[in-house]
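Subject: Model for you to look over

Hello,

Here is the structure I promised. Please open it alongside these notes, and tell me where you disagree.

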Amino acid sequence: LKDEVNKMERLSLVGQMAASITHEIRNPMAVIRGFVQLLNERSPSEHQSYFRIVLDELDRANAIINDFLSLAQNRIVEKEPSNLNELLNDLLPLIWADANLRGQMIELRLGEGMENLEMNSKEVKQLVLNLARNGMEAMSDKGVLRIETLDFEDTVQLRVTDNGVGIPPEKLERLFEPFYTTKTNGTGLGLALCLSIVERHNGKIHVESTVGQGTTFVVSFYKPGSMISDVRKHG
Ligand code: ADP
Ligand code: MG
């Protein structure tokens with residue numbers, strides 16, 4: 001019976017997800033259809049701005065599909081002993097290029113003891129990239145994004161801090177919900193994906209934010225051999 005209930009729950013969850021993604025993809029599709037129709041009717045002088053909108057909306061639909069796929073593929077990921085600092089160094093050129101385009105700065109502070117952590121490096125890179133992008137999107141062109149690793153008791157922490165707009169308290173609890181976004185071009189799937197990656201690594205993620213001052217996302221990973229890491233592995 002318990003299995004049957006679980007199966008029903010899973011099916012209804014799949015149904016809800018399908019309904020959400022259908023809704024999310026229909027929006028850009030409707031906009032694209034409308035503007036292609038206009039392109040057909042209006043003079044070529046008006047075409048350029050319509051093409052821009054059509055391309056933006058195609059990109060958005062594509063981003064929703066890609067993010068949703070990463071989220072839905074709740075696969076068992078292979079982990080291997082990894083060095084979190086090396087992983088950040090690998091990512092730095094990508095993040096730096098993005099920040100540079102926006103006129104923002106990146107500050108990297110790497111702590112000790114980041115080697116031999118059981119991680120799937122592809123997933124952890126995705127996690128850092130999503131947090132970094134959100135941070136950059138929350139800041140003006142004078143923003144500074146700080147990415148740091150630190151050794152804290154039986155965990156290692158990854159902290160991503162921006163000095164951007166901040167998040168009002170009433171919004172904090174919705175951040176990790178799939179499709180929750182306050183951006184016109186957001187998918188609302190970035191943080192949902194972050195949370196599922198952190199959970200697959202038996203970690204924790206939390207947010208500290210002050211409106212008008214900025215936001216820090218803190219990810220804690222348990223060190224191998226720490227009590228909680230062992231309990232979690234076996235329980
Ligand atoms: P998206 O970036 O596509 O909107 P996310 O899941 O990445 O979706 O983020 C959800 C929402 O959380 C954002 O729309 C934004 O309102 C809020 N948010 C996330 N990170 C930050 C941040 N660093 N500063 C301010 N708001 C943030
Ligand atoms: Mg995002």
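Among contacts in the protein chain between residues at least 6 apart in sequence, 70% join residues at least 24 apart. Two residues are in contact if their C-beta atoms, placed from the backbone, lie within 7 Å.

This is a predicted model: local features need pLDDT of at least 70, side-chain atom pairs count only at pLDDT 80 or more, and totals for chains, interfaces and linings use all residues. Residues are numbered from 1 along each chain as its sequence is written, while chains are lettered from A and ligands numbered from 1 in the order in which they are written.

Confidence and overall layout

The average pLDDT of the protein chain is 89, pLDDT being the predictor's confidence in each residue, from 0 to 100. A score of at least 70 is reached by 91% of the residues. The model has ipTM 0.99 and pTM 0.83. Where pLDDT is low, the predicted coordinates should not be read in detail.

The protein chain holds seven helices and seven strands. These are DSSP runs, numbered from the N terminus: helices are H or I with at least four residues, strands are E with at least two. Their order from the N terminus is α-α-β-α-β-β-α-β-β-α-α-β-β-α. The C-alpha trace spans about 70 × 55 × 35 Å along its principal axes.

Of the 235 residues in the protein chain, 25% are buried. The cut-offs: buried means 20 or more other C-beta atoms within 10 Å of the residue's own, exposed means 12 or fewer, and partly exposed is in between, with C-beta atoms placed from the backbone.

Ligand 1

The shell around ligand 1 has 21 residues. A residue is near the ligand if its C-beta atom, placed from the backbone, lies within 6 Å of it. Asn134, Ala138, Thr181, Gly186 and Gly190 come nearest. Helix H4 (121-137) and helix H6 (190-200) each supply at least two residues of this shell. By class, eight are nonpolar, eleven polar and two charged. Here Ala, Val, Leu, Ile, Met, Phe, Trp, Tyr, Cys and Pro count as nonpolar, Asp, Glu, Lys and Arg as charged, and the others, Gly among them, as polar.

Helices

H6 is mostly covered, with eight of its eleven residues buried. Gly190 is one of these buried residues. The others include Leu191, Cys194 and Val198. What do the buried residues of H6 pack against? They pack against helix H2 (47-72), H4, strand S6 (204-210) and strand S7 (214-222).

H2 has 26 residues and reaches 37 Å from its first C-alpha to its last. That is close to the 38 Å expected at 1.5 Å a residue, the expected span being 1.5 Å times one less than the number of residues. Among the buried residues of H2 are Val54, Glu57, Arg60 and Asp67.

Glutamine 16 is found in helix H1 (residues 2-41). It counts as exposed because it has 11 C-beta neighbours inside 10 Å. The C-alpha atoms of glutamine 16 and histidine 47 are 31 residues apart along the chain and separated by 38 Å.

Strands

Two strands pair if DSSP finds at least two bridges between them. S4 (residues 144-152) and S5 (residues 155-162) run antiparallel, joined by seven bridges. Aspartate 151 stands opposite valine 156 in S5. In S7, the bridge partner of valine 156 is phenylalanine 221. S5 and S7 pair in the antiparallel sense over eight bridges. Glutamine 157 stands opposite serine 220 in S7.

S7 also pairs with S6, antiparallel, over seven bridges. Threonine 210 has glycine 214 in S7 as its bridge partner. Seven of the nine residues of S7 are buried, so S7 is largely enclosed by the rest of the structure.

Turns and positive phi

S4 and S5 form a hairpin with two residues between them. Glutamate 153, in that turn, has a positive phi of about 50 degrees. Glutamate 153 is exposed, with 10 other C-beta atoms within 10 Å.

The hairpin of S6 and S7 has three residues between the strands. Glycine 212 in its turn has a positive phi of about 85 degrees.

Asparagine 202 lies in the loop between H6 and S6. Its phi is near 55 degrees, a positive value in a residue other than glycine. Is asparagine 202 buried, exposed or partly exposed? Asparagine 202 is partly exposed, with 16 other C-beta atoms within 10 Å.

Best wishes
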